[in-house]
Amino acid sequence: MSEIVARPADELDPVWKALSDPTRRAILDFLRECPRMTTEIVDAFPHLTRFGVMKHLEVLRQAHLVQTREAGRQRVNSLNVVPIRQIYERWVGPFQELWSNELLRIKDIAEKDNQDGKRATSRKRKRSALSQSRKQLRTKN
């Protein structure tokens with residue numbers, strides 16, 4: 001078995017940190033509808049102090065998930081989806097392709113077995129296919 005080595009920090013680490021908190025995810029959900037002034041965000045989270053909301057917004061800004069612009073005395077915050085897209089492309093995309101290929105393969109096996117009048121794939125073959133999929137996943141990483 002090959003040794004798994006942690007990679008050095010990369011540019012997406014602050015994004016993961018920002019997304020790890022449920023309150024920050026809720027703020028992003030709130031901003032998904034439309035850009036909001038900071039006071040609107042504070043009002044939408046009455047269980048938090050203004051200072052607490054500002055700290056969460058700062059973490060989101062550092063991760064480039066929120067962009068803020070000045071509008072007179074107000075600050076308008078908007079969602080920046082680019083970092084989320086980068087995470088998707090790096091982590092979800094490759095696994096999506098792997099699993100779609102595996103699901104198509106399983107579908108083909110099941111349809112072939114059913115056409116031959118046999119029962120669907122046996123447990124032993126299912127385990128073998130699952131084991132093979134796990135091996136392929138480990139070797140791709």
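Mentor: Arg-36 and Glu-33 are joined by a salt bridge, with their closest N and O atoms 2.6 Å apart; the term requires a side-chain nitrogen of Lys or Arg within 4 Å of a carboxyl oxygen of Asp or Glu. The model is a predicted one, in which local features need pLDDT of at least 70 and side-chain atom pairs count only at pLDDT 80 or more, while totals for chains, interfaces and linings use all residues. Residues are numbered from 1 along each chain as its sequence is written, and side-chain values use heavy atoms, with hydrogens and water left out.

The two partners differ in their surroundings. Arg-36 counts as buried because its relative accessibility is 11%, whereas Glu-33 is exposed, with a relative accessible area of 60%. Here buried means under 20% relative accessible area, exposed over 50%, and partly exposed in between, with a 1.4 Å probe and protein chains only.

Arg-36 also lies over the face of Phe-30, at 4.0 Å from the ring centre. For such a placement, NZ of Lys or CZ of Arg must be within 6 Å of the ring centre and within 35 degrees of the ring normal.

Phe-30 leads on to the aromatic rings. A search of the whole structure finds one aromatic pair. This pair is formed by Phe-30 and Phe-45, edge-to-face, at 6.3 Å centre to centre and with 90° between the planes. Rings of Phe, Tyr and Trp (its six-membered ring) pair if their centres lie within 6.5 Å; planes under 30 degrees apart count as stacked, over 60 as edge-to-face and the rest as tilted. The pair links distant parts of the chain, 15 residues apart: Phe-30 belongs to helix H2 (residues 22-33), and Phe-45 to the loop between H3 and helix H4 (50-62). Helices (H or I, at least four residues) are DSSP runs, numbered from the N terminus. Both Phe-30 and Phe-45 are buried.

Phe-45 is touched by Thr-23 as well, as are Leu-48 and His-56, not counting residues up to four places away from Thr-23 in sequence. Contact means heavy atoms within 4.5 Å. Thr-23 is placed in helix H2 and, at 18% relative accessibility, counts as buried.

Helix H3 (residues 38-44) contains Val-42, which is buried at 14% relative accessibility. With neighbours within four places in sequence set aside, Val-42 is in contact with Arg-50 and Val-53. The C-alpha atoms of Val-42 and Val-53 are 6.1 Å apart, although eleven residues separate the two in sequence.

In soluble globular proteins, nonpolar side chains tend to be buried together. The largest nonpolar core has 18 residues, and those with the most contacts inside it are Ile-27, Ile-41, Leu-57, Leu-60 and Leu-65. Such a core is a set of buried Ala, Val, Leu, Ile, Met, Phe, Trp, Tyr and Cys residues joined through side-chain atoms within 4.5 Å. Leu-57 is in contact with Ile-27, Thr-38, Ile-41, Val-66 and Asn-77, leaving aside its neighbours within four places in sequence.

Elsewhere, Glu-70 and Arg-75 meet in a salt bridge through their side chains (3.4 Å, N to O). Glu-70 is exposed, its relative accessible area being 55%, and Arg-75 is partly exposed at 31% relative accessibility.

Key. Helix = DSSP H or I, 4+ residues; strand = E, 2+ residues; numbered from the N terminus.
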